[in-house]
Amino acid sequence: MSGMGGLTLEEKEVCCADGPAASVVATLAEALGYRVSRGGASAELGVCRDLWVVEATGAEALAPYLGASRLLVVAPRRLRAGEAQRLRAAGAHRVLDAEASLLEAAFALTDLLFVTCHHQRRYAEERGGIAVTFLDEAGQLQQGRLTGVAHRGGHVTAEQAPPEGTAVVLTAEIGPWEVPIRGRVAFVDSALKPGFGLEFALDDQALAPRIEAFMGEGPRARRAPERPASGVLA
């Protein structure tokens with residue numbers, strides 16, 4: 001724990017039930033700096049303080065997990081019309097399916113675990129963030145750390161930063177996987193605080209891989225970071 005303007009910044013606890021889709025979200029949660037318990041139901045693991053991640057397609061499966069903590073449901077397949085609504089009516093605070101991107105899952109975790117973006121950003125800074133690589137303007141490989149992952153964007157701490165407005169593809173280390181994430185440099189920090197603000201390319205179909213791409217997969221071979229389709233976005 002660490003102090004934050006008189007508040008105590010506690011480690012967030014995420015409990016993930018069994019299932020390939022839930023396991024992908026668990027790996028993501030660990031990369032984001034949350035303490036993760038895997039497998040079992042609430043009766044076996046005890047009460048989860050902050051968030052349950054449950055794999056389900058039917059509302060009847062949620063009963064063991066309803067309680068004091070919030071509930072994120074992730075389905076191992078595409079949900080049919082009305083299924084997500086029934087899951088929310090049964091007590092799910094957020095519902096995703098296997099066609100959601102890994103970044104959408106990160107947004108869901110952020111929204112459910114933090115009251116404000118300020119608290120989420122400070123938590124990410126304290127817990128270290130996600131290691132990323134990217135190509136600079138000269139095509140040279142740069143390293144950094146991605147923090148503050150939310151709908152409004154993120155922040156990359158790095159010694160070198162592309163110019164404001166530059167399209168960038170981050171290769172993020174999430175557990176055993178190399179995950180491409182597309183965005184745009186929103187602003188460049190000063191020399192005293194090297195790095196840049198990142199605006200995620202939410203309108204890009206290739207924003208980030210889907211959950212289903214990692215279900216049942218082991219580690220992937222390292223690969224060179226992708227180059228964006230265009231250098232600067234309007």
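Good morning. I begin with the second largest cavity, whose volume is about 60 Å³. The model under discussion is a predicted one. The residues lining this second largest cavity are Leu32, Tyr34, Gln120, Tyr123, Ala124, Gly129, Ile130, Leu146, Thr147, Gly148 and Val149. Strand E9 contributes the most to this lining, namely four residues, and both H5 and E9 supply at least two each. By class, the lining of the second largest cavity comprises seven nonpolar and four polar residues, with no charged ones.

Where does Gln120 sit in the secondary structure? Gln120 belongs to helix H5, which spans residues 117-127. Is Gln120 buried or exposed? With a relative accessible area of 5%, Gln120 falls under the 20% limit and therefore counts as buried. Leaving aside residues up to four places away in sequence, Gln120 is in contact with Thr110, Phe114, Gly148 and Val149.

I turn now to the largest cavity. Its volume is about 70 Å³, and the count of cavities of 30 Å³ or more comes to two. The lining of the largest cavity consists of Leu28, Leu32, Leu102, Leu103, Ala106, Ile130, Leu146, Val149, Ile174, Val179, Ile181 and Ala208. By class, that lining has 12 nonpolar residues, with no polar and no charged ones. Helix H4 gives the most to it, with three residues, and H4, E9 and E12 each provide at least two.

The largest pocket has a volume of about 270 Å³. Of its 18 lining residues, Arg121, Arg152, Gly154, His155 and Phe187 are the closest to its centre. Two or more residues of the lining come from each of H5, strand E9 (141-150), strand E10 (153-158), strand E12 (177-188) and strand E13 (196-200). Which element gives the most to the lining of the largest pocket? The answer is H5, with four residues. The lining of this pocket divides into five nonpolar, seven polar and six charged residues.

Let me move to the nonpolar cores. The largest core has 54 residues, among which Val53 and Leu109 touch the most other members. Helix H4, residues 102-113, gives the most to this core, with nine residues. Beyond residues up to four places away in sequence, Val53 touches Val14, Cys15, Cys16, Ala17, Ala22, Val25, Leu72, Val74 and Leu109. There is also a second, separate core of 16 residues, including Trp52, Tyr65, Ala75 and Leu87.

The structure holds one disulfide, formed by Cys15 and Cys48, with their sulfur atoms 2.3 Å apart. The torsion about the S-S bond is about 95°, so this disulfide is right-handed. The two cysteines lie 33 residues apart and link distant parts of the chain: Cys15 is in strand E3 (residues 13-16), and Cys48 is in the loop between helix H2 (42-45) and strand E5 (51-55). Both Cys15 and Cys48 are buried. Cys16, by contrast, is in no disulfide; the nearest cysteine sulfur, that of Cys15, is 7.6 Å away. Cys16 has a relative accessibility of 1% and so counts as buried.

Finally, the chain as a whole. It has five helices and 13 strands. Of its 234 residues, 50% are buried. Among contacts with a separation of 6 or more, 56% are between residues 24 or more positions apart. Thank you for your attention.

Terms used:
Residues are numbered from 1 along each chain as its sequence is written. This is a predicted model: local features need pLDDT of at least 70, side-chain atom pairs count only at pLDDT 80 or more; totals for chains, interfaces and linings use all residues. Side-chain values use heavy atoms; hydrogens and water are left out. Buried means under 20% relative accessible area, exposed over 50%, partly exposed in between (1.4 Å probe, protein chains only). Contact means heavy atoms within 4.5 Å. On a 1 Å grid over the protein atoms alone, a cavity is a set of points where a 1.4 Å probe fits but cannot get out, and a pocket is an open set with protein on both sides within 12 Å along at least five of seven lines; lining residues have an atom within 4 Å of a point. Grid points are joined across faces, edges and corners, and a volume is the space filled by probe spheres set on the points. Ala, Val, Leu, Ile, Met, Phe, Trp, Tyr, Cys and Pro count as nonpolar, Asp, Glu, Lys and Arg as charged, and the others, Gly among them, as polar. A disulfide is a pair of cysteine sulfur atoms within 2.5 Å. A nonpolar core is a set of buried Ala, Val, Leu, Ile, Met, Phe, Trp, Tyr and Cys residues joined through side-chain atoms within 4.5 Å.
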